[in-house]
Amino acid sequence: MVRGGAVSRLSRTLVFLLFLAPYVFSLIVAQGRMALPAGFLGLVQSSFLQAALSALFAVTLGILTGVGLLGLPQRLRRSTEAAVLVGSFVPSIAWVLMWMVLLPNVRGVTAIVILHAVSSAGLIASAVVRKVRTRWAGSLELAMVEGAPRGLMWRRGLLPLLRSDLVTYLLTIFASSLSSFSIPLLMGGAEAWTFEIAIHQAVRIHSAWDQVAAL
């Protein structure tokens, strides 16, 4: 038991050091100096704003797509769900290039939020469908047989039951959007919409490793 506990503590320590390595590396390169870049508070506000909007839009779109999938016959639902899921596995650059062709003049937070949402909504919709079909398929079918309106079933029944799962989806998309790189870099113009872009600019443009360490 003691040996097993020691191995467990060692593994946790190694994992902690692994995640700490980028911070230690940046401090070593910066020779221990740290300096916040100009406009840091604006960076925090814009980063959290786009991440929050991306998460809300992605979950909303995922719920609406899931509702639509649940209303389809089983065979059609499976093929449609597979088609919807494909969008979540397409590389981000493909969505960016399509946006640049169709809407070349629309950039900034609007483009970032929509692209984040579209690329994530398929997974959320599939998760919602599987959760509903696995846990509450019988109750849903009984309510439909008794004539309950679909909107009422979702508002008063399914959405409250899915609340904890939806919070998890929100936090997941928020975290991924906050650390996203390619979409904000190509769609955000000159403004740094995420910390990763600010770090990239600090290294590539200013060679300011003290700012990298602080960020």
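The legends below describe an overview and several close-up views of a predicted model.

Residues are numbered from 1 along each chain as its sequence is written, and side-chain values use heavy atoms, with hydrogens and water left out. Because the model is predicted, local features need pLDDT of at least 70 and side-chain atom pairs count only at pLDDT 80 or more, whereas totals for chains, interfaces and linings use all residues.

**View 1. Overview of the protein, with its 11 helices and 0 strands.** Helices (H or I, at least four residues) and strands (E, at least two) are DSSP runs, numbered from the N terminus. Read along the sequence, the pattern is α-α-α-α-α-α-α-α-α-α-α. Of the 215 residues, 33% count as buried; buried means under 20% relative accessible area, exposed over 50%, and partly exposed in between, with a 1.4 Å probe and protein chains only. Contact means heavy atoms within 4.5 Å. Among the contacts with a separation of 6 or more, 74% are accounted for by residues 24 or more positions apart.

**View 2. The packing of helix α2 (residues 40–70) with helix α3 (residues 74–89).** The two helices pack at an angle of about 155 degrees, and their axes are 9 Å apart. That angle makes α2 roughly antiparallel to α3. Axes are lines fitted to C-alpha atoms, for helices over the stretch in contact, and angles run from 0 to 180 degrees between N-to-C directions. Angles under 35 degrees count as roughly parallel, over 145 as roughly antiparallel, 65 to 115 as roughly perpendicular, and the rest as oblique. By class, the contact of α2 with α3 has 3 nonpolar, 2 polar and 2 charged residues. In these classes, Ala, Val, Leu, Ile, Met, Phe, Trp, Tyr, Cys and Pro count as nonpolar, Asp, Glu, Lys and Arg as charged, and the others, Gly among them, as polar.

**View 3. The packing of α2 with α8.** Here the angle is about 135 degrees and the axes are 8 Å apart. This makes α2 oblique to α8. The crossing of α2 past α8 is right-handed; a crossing is right-handed if the near helix is turned clockwise from the far one by less than a right angle, and left-handed if anticlockwise. From α2, the residues that meet α8 include F48, A51, A55, V59 and I63. Their partners in α8 are L166, Y169, L170, I173, F174, S177 and L178. The residues of the contact of α2 with α8 divide into 14 nonpolar, 4 polar and no charged.

**View 4. Y169 and the largest nonpolar core.** Y169 is found in helix α8 (residues 163–178), and at 16% relative accessibility Y169 counts as buried. Leaving aside neighbours within four places in sequence, Y169 is in contact with V59, I124, A127 and V128. The C-alpha atoms of Y169 and S120 are separated by 9.8 Å, although these residues are 49 residues apart along the chain. A nonpolar core is a set of buried Ala, Val, Leu, Ile, Met, Phe, Trp, Tyr and Cys residues joined through side-chain atoms within 4.5 Å. The largest core has 16 residues, of which V59, I124, V128, L166 and Y169 touch the most other members. Two or more residues are given to this core by each of α2, α5 (109–135) and α8. A second, separate core has 9 residues, including W95, W99, L115 and M187.

**View 5. W99 in helix α4 (residues 92–102).** W99 counts as buried, at 10% relative accessibility. Beyond neighbours within four places in sequence, W99 is in contact with P104, V106, A111, I114, L115 and M187. W99 and M187 are 88 residues apart in sequence and 9.2 Å apart in space, C-alpha to C-alpha.

**View 6. H116 in helix α5.** H116 is buried, with a relative accessible area of 5%. With neighbours within four places in sequence left aside, the contacts of H116 are Q50, S54, S177, S180, I183 and P184.

**View 7. Q31 in the loop between α1 (2–29) and α2.** Q31 is exposed, with a relative accessible area of 63%.
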